[in-house]
Amino acid sequence: MDKIWLVIKREYLARVKKKSFLLATLLTPLIFPAIMGVFVWISLEEKDTQALRIIEVVDENKMFFLESSDQYAFSFSDTDREEAKQMVQEGDRYGFLFIPEFDLENPQGIVFYGEDNPSMNLINYLENNLKKKIEEQRLFESGIDPKIINEVRTTVDIKSITLDEKGDETINNATVNYALGFLTGFLIYIFIFVYGNQIMQGVIEEKSSRIVEILVSSLKPFQLMLGKIVGIGAVGLTQFLIWVVLIGTLSTIVMGYLGMQMPQQTAMEMANPELANSMPQSDVSEIIQVISGIDFIGLVLSFLFYFLGGYLLYGALFAAIGSAVEAPSEAQQFMFPVTIPLIVAYMGLFVFVLNDPNSNTSFWLSIIPLTSPIAMMGRVSYGVPWTDLVLSMGLLIGGFLFTTWMAGKIYRIGILMHGTKPSYKTLWKWIRTSQ
Amino acid sequence: MLQIKNLNKSYGPNRALTAIDLSVPKGVIFGLLGPNGAGKTTLIRIINQIIEGDSGEILIDKQKLNPSHISKIGYLPEERGLYKKMKVWDQLIYFARLKGLSNYEAKSRINQWLEKLEIGSWKEKKIEDLSKGMAQKVQFISTIIHEPPLLILDEPFSGFDPVNAELIKNEILELKENGTTVILSTHRMESVELLCDQVAMINRSKKILDGTIKEVKKSFRPEVYSIAIEEPHQLIPQEWTAKEDDGTYYFTLPLSGKSPNELLNELMQYGQVKKFQEVIPSMEEIFIHQVKTAQNG
């Protein structure tokens, strides 16, 4: 036990003391907001600097009208098709929209000619406007005044509330749950990959530099493997913790800054929930209510559990791969069966779990130990029956005990093998033969 | 100190060790000889409890080999390995602690050894910044830092220049004086003759000879004499293939059933016998001879 502790300490300190660790830890939380900031800035800049594009409209029905925006101006000057084409060719116009005379019940033949490929936004804008106009026209023709239509048009927003046995009400918002499930699942996915790889690299380093021979004359290979996995896991947790603190501090500062500029009404609602209930609610305050309704302790605890469980399960496999090969490039052939379930879990999180946390597929993805660490996070954020949670956690514990045991067998033989490239068959032989 | 009885080990169909019996007394330097792939490394790994033998018994100080022996053995593998990115000091502390030394003990002993091998100023250097010889010294310290009563050195002199090899040789002899038992596995026969009290030779998984250096040499005497005759007054027979240098003829002759005196008498008839000496085989010759015989037989 003492010796495992020494290994953990070495693995931990060797990594945490590196400059690259410090850089990655401090910069990563800044990089994402920075990249996003750059994109936002570029797109804002673009809008400002873009020249107004003029679009000629040739409407043979003489009934459509399109409102000009900051980017596009629409000109209706009774030109004909050939003239408009000419204008586009000569560069006087960005493009022209040709609306032939058609039957309102079957509008066809609308064409946009442009000097380049028009953006999706523009086409959508045109389509929506034309569609609206045609609909209005048809309603009018069937005797309904479009004004009435406009008056009766309402927006409906369903507020979803979970009612539990005790009668406690919690406001839900699928978007928030989705975001939380996505974030936590994604973090676990990245964590397993990044730190699993570090385990593998570490094992390969010890094997190829022959340090391992000295080490295993002092302690059992299994202790060495376990110490390495735990030590590197601790590095990951440290990094994660620093991120939480950093991001927390940063967002408090940002929120504090934004808070000063928040509209009075929202601020009042937030300060006084009773008042908020009596007023129509804005999105921000609803999201805040939803967030405060989420069982964060449960979420954080299950996150930590799946975070560690998933890491331990895959970490052992990465260690086994590292022990079987002599260079990272050789590891490729064995990586496949390890990365596939990870990717399946990740894809499953998006395709099934986050969209329908209670479907059969979601259930199985969140139960099977190879995929559960990532998939279950998607369900936890929505709330999951505790029986499912217990089953999944139990299987995950069993799962990582199993992979660690199996990896230990491969590891103890693999680290001393040099010169021969192992195949799956050899790995299987190692598992069977070692006592 | 170390007793091995009927030790067997195979890797699948390949035999690595076949019925090995060895006895290493306390306080000697024991040479473990054999060509590559003979099974030396397997034997050493089994003694170090890195792997397990299939059958047989190993006793250290009359106790069956068990995990408590790990701290009593110092092992220097043939393929050296240190963490390249770790500092000399941290590395030595780590290995010493793994061998069961307390933090305090580890620090004071490492300081002593760094001074003794004149490398105290490298403490804070990373291994990757050291020369090969320097790294070997660090490796050597890490092997003996826990003052093990049994030291297993696999090719300890490889990578050292002659000056440092001499230094390490003297350290090994000093350790022996202090009662350490040393098992030395090497191909360098001159160091075997200089250092070892006893040897054992393994070839193709089997032990083919063992004993003290004297015994071994005695049993491999080819009964051949090296002779020099000055200005013979009788023609030296052609079949003796003598070489002449400045009037002196040099050649070797087997006893062929005669006693040495009979042979000498015979030779004296040819002229002045300047040299009449039994040819003692070097360990190297015995080694090569044994391996070749094993291959041919």
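Two salt bridges (a side-chain nitrogen of Lys or Arg within 4 Å of a carboxyl oxygen of Asp or Glu) are counted between chain B and chain A. In one of the salt bridges, Arg210(A) pairs with Glu79(B), with 3.7 Å between the closest N and O atoms. The model is predicted, with local features requiring pLDDT of at least 70 and side-chain atom pairs counted only at pLDDT 80 or more, whereas totals for chains, interfaces and linings use all residues. Side-chain values use heavy atoms, without hydrogens and water.

The contact (heavy atoms within 4.5 Å) draws 20 residues from chain A and 22 residues from chain B. About 2200 Å² is buried between the two chains, 60% of it on carbon and sulfur atoms; buried area is the accessible area (1.4 Å probe) that two parts lose on being put together, summed over both.

On chain A, a nonpolar surface patch comprises Leu22(A), Leu23(A), Leu26(A), Leu27(A), Leu30(A), Ile31(A), Ile35(A), Phe39(A), Leu250(A) and Ile253(A), which together have about 940 Å² of accessible area. Such patches consist of residues with over 30% relative accessible area and no salt bridge, nonpolar side chains (Val, Leu, Ile, Met, Phe, Trp, Tyr) being joined within 5 Å; accessible areas follow the Shrake-Rupley method with a 1.4 Å probe, only the protein chains shown counting as cover for residues. Helix α2 (19-49) and helix α8 (221-261) of chain A each contribute at least two residues to the patch, helices being DSSP runs (H or I, at least four residues) numbered from the N terminus. The most, eight residues, is given by α2(A), while Ile253(A) is located in helix α8 of chain A.

Terms used. Residues numbered from 1 in each chain as written. Chains lettered and ligands numbered in written order. Patch = residues over 30% accessible without salt bridge, like charges linked within 9 Å, V, L, I, M, F, W, Y side chains within 5 Å.
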